[in-house]
Amino acid sequence: NFKENYPKIKEYINRLVKYNENKFTSFHNAFFNNGLFIRIPENTEVDLPLIINKKINQKYSFEYVVIVAEPFSKIKIIENASSELKEIFRSKIVEVFIEEGAKITYMDIQDFNDNAYSFNIKKADVKKDSEIKWIDCVFGSHLTKAETISELNAEGANVQNFGVFFGNS
């Protein structure tokens, strides 16, 4: 079990997006099969972007991403997801914890075939004088449901949302 084997992750997973919040989160947590945990230590500024290239090579992908930005850290994360499969179902939950003075840019690029179904929930807990920039780029899919929520939980907390969606028909 992912949560039992990684106690640090257990502290964060399902804290912002509850496993029983709705039918999508319950379904997602029941079949969760891919995980990523990113921790940016206190006072760490990463100059180059962290680029994550995901080639989805299974028909069903249930991904969980947890990001912890400790106080006064800074990072840009670019996640590229694509698949050469004709049909896929992708569900992804991203939970971001941004401590005091931290800054995160999270760019999510999705490039799928016309027979892909993609469900995404991204949620951030933004603390004092911290910031998150969400950038979503959706290219292709039959259906994409994307939900981005940022909780500004202290003075000086800031969020910016940008989205680009290309579709046809």
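## Arginine 39 and its partner

In this predicted model, arginine 39 counts as partly exposed, its relative accessibility being 42%. Arginine 39 forms a salt bridge with glutamate 70, with 2.8 Å between the closest N and O atoms, and this pair links distant parts of the chain, since arginine 39 belongs to strand E1 whereas glutamate 70 sits in the loop between E3 and E4, 31 residues apart.

## Other salt bridges

The structure holds 15 salt bridges. In another of them the side chains of aspartate 108 and lysine 92 meet at 2.8 Å, N to O; aspartate 108 lies in strand E6 and lysine 92 in strand E5, so the pair ties together parts that are 16 residues apart in sequence. Aspartate 108 is buried at a relative accessible area of 5%, and lysine 92 is likewise buried, at 1%. Both residues take part in a network of salt bridges whose members include Lys54, Glu63 and Arg90.

## The open sheet

Five strands form an open sheet in the order E1-E3-E5-E7-E9, with parallel pairing. Strand E1 (34–40) and strand E9 (143–152) stand at the edges with a single partner strand each, so one side of each is left without a neighbour in the sheet. E1 pairs with strand E3 (residues 60–69) over 7 bridges in the parallel sense, and isoleucine 40 has alanine 69 in E3 as its bridge partner.

## Nonpolar cores

The largest nonpolar core has 19 residues, and those with the most contacts inside it are Ile67, Val96, Ile98, Ile104 and Ile132. A second, separate core of 11 residues includes Ile9, Ile13, Val17 and Ile121.

How values were computed:
Residues are numbered from 1 along each chain as its sequence is written. This is a predicted model: local features need pLDDT of at least 70, side-chain atom pairs count only at pLDDT 80 or more; totals for chains, interfaces and linings use all residues. Side-chain values use heavy atoms; hydrogens and water are left out. Two strands pair if DSSP finds at least two bridges between them. Helices (H or I, at least four residues) and strands (E, at least two) are DSSP runs, numbered from the N terminus. A nonpolar core is a set of buried Ala, Val, Leu, Ile, Met, Phe, Trp, Tyr and Cys residues joined through side-chain atoms within 4.5 Å. Buried means under 20% relative accessible area, exposed over 50%, partly exposed in between (1.4 Å probe, protein chains only). A salt bridge is a side-chain nitrogen of Lys or Arg within 4 Å of a carboxyl oxygen of Asp or Glu.
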